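Please look at the structure below with its sequence alongside.

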Amino acid sequence: MPASTVEKATFAAGCFWGVEHIFNKHLKKDGITTRVGYIGGDLADPNYQQVKTGSTNHAEACEVTFDPSKISYEVLVEFFYKLHDPTTENYQGPDVGSQYRSAIFYHSEEQKAIAEKVTKEVQEKHYPNAAIVTRIEPATTFYNAEEYHQFYLDKNPEGYACPTHYLRW
């Protein structure tokens with residue numbers, strides 16, 4: 001039997017604490033692992049103090065490592081759309097700025113095609129009257145966020161959670 005392959009999926013949907021928390025709450029049983037960090041910007045090795053200003057062009061993001069024999073990339077992309085509002089440009093709830101944009105950072109041409117297909121399906125089925133503004137971009141270097149951001153809401157159950165992070169369907 002061939003060994004399972006592991007892939008990465010990278011999603012930005014506002015504050016990375018809530019994105020990571022929801023992915024783990026609902027999909028950890030499917031063998032995913034997560035880490036939060038910064039992607040898509042212009043500065044090498046950014047830190048939170050720099051990214052939160054919105055001046056680095058990075059997005060706060062959640063990187064999901066998964067085994068496609070246990071959960072498909074298609075399921076992950078649809079789940080990403082369920083957990084936030086993909087019709088808002090550069091904000092989720094009170095979190096405003098390009099660092100809170102909605103984006104899918106694909107790691108292969110196959111992922112790009114799946115992301116485009118699922119986006120079209122979600123647009124037609126769930127947002128017929130509002131345009132999805134999620135960017136679909138090639139993954140660039142992912143920089144880990146500082147340790148205190150990893151699993152932040154598990155460590156701080158009363159911590160800030162964006163009010164737009166909940167499952168919509």
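Y106 stands opposite P138 in strand 7. Strand 7 and strand 6 (residues 102–106) pair in the parallel sense, over 4 bridges; two strands pair if DSSP finds at least two bridges between them. Helices (H or I, at least four residues) and strands (E, at least two) are DSSP runs, numbered from the N terminus.

This is a predicted model, in which local features need pLDDT of at least 70 and side-chain atom pairs count only at pLDDT 80 or more, while totals for chains, interfaces and linings use all residues. Residues are numbered from 1 along each chain as its sequence is written, and side-chain values use heavy atoms, with hydrogens and water left out.

Axes are lines fitted to C-alpha atoms, for helices over the stretch in contact, and angles run from 0 to 180 degrees between N-to-C directions.

How do the helices meet one another? Two packed helices are described by the angle between their axes and the distance between the axes. For helix 1 (residues 16–27) and helix 3 (residues 73–82), the axes come within 11 Å and cross at roughly 125°. That makes helix 1 oblique to helix 3 (under 35 degrees counts as roughly parallel, over 145 as roughly antiparallel, 65 to 115 as roughly perpendicular and the rest as oblique). In this contact (heavy atoms within 4.5 Å), I22, F23, H26 and L27 of helix 1 meet L76, F79 and F80 of helix 3. By class, the contact has 6 nonpolar, 1 polar and no charged residues. Here Ala, Val, Leu, Ile, Met, Phe, Trp, Tyr, Cys and Pro count as nonpolar, Asp, Glu, Lys and Arg as charged, and the others, Gly among them, as polar.

Helix 3 also packs with helix 4: their axes come within 9 Å and cross at roughly 45°. These two helices are therefore oblique to each other. The contact is made by Y73, E74, V77, E78 and Y81 of helix 3, and by residues of helix 4 including Q111, I114, K117 and V122.
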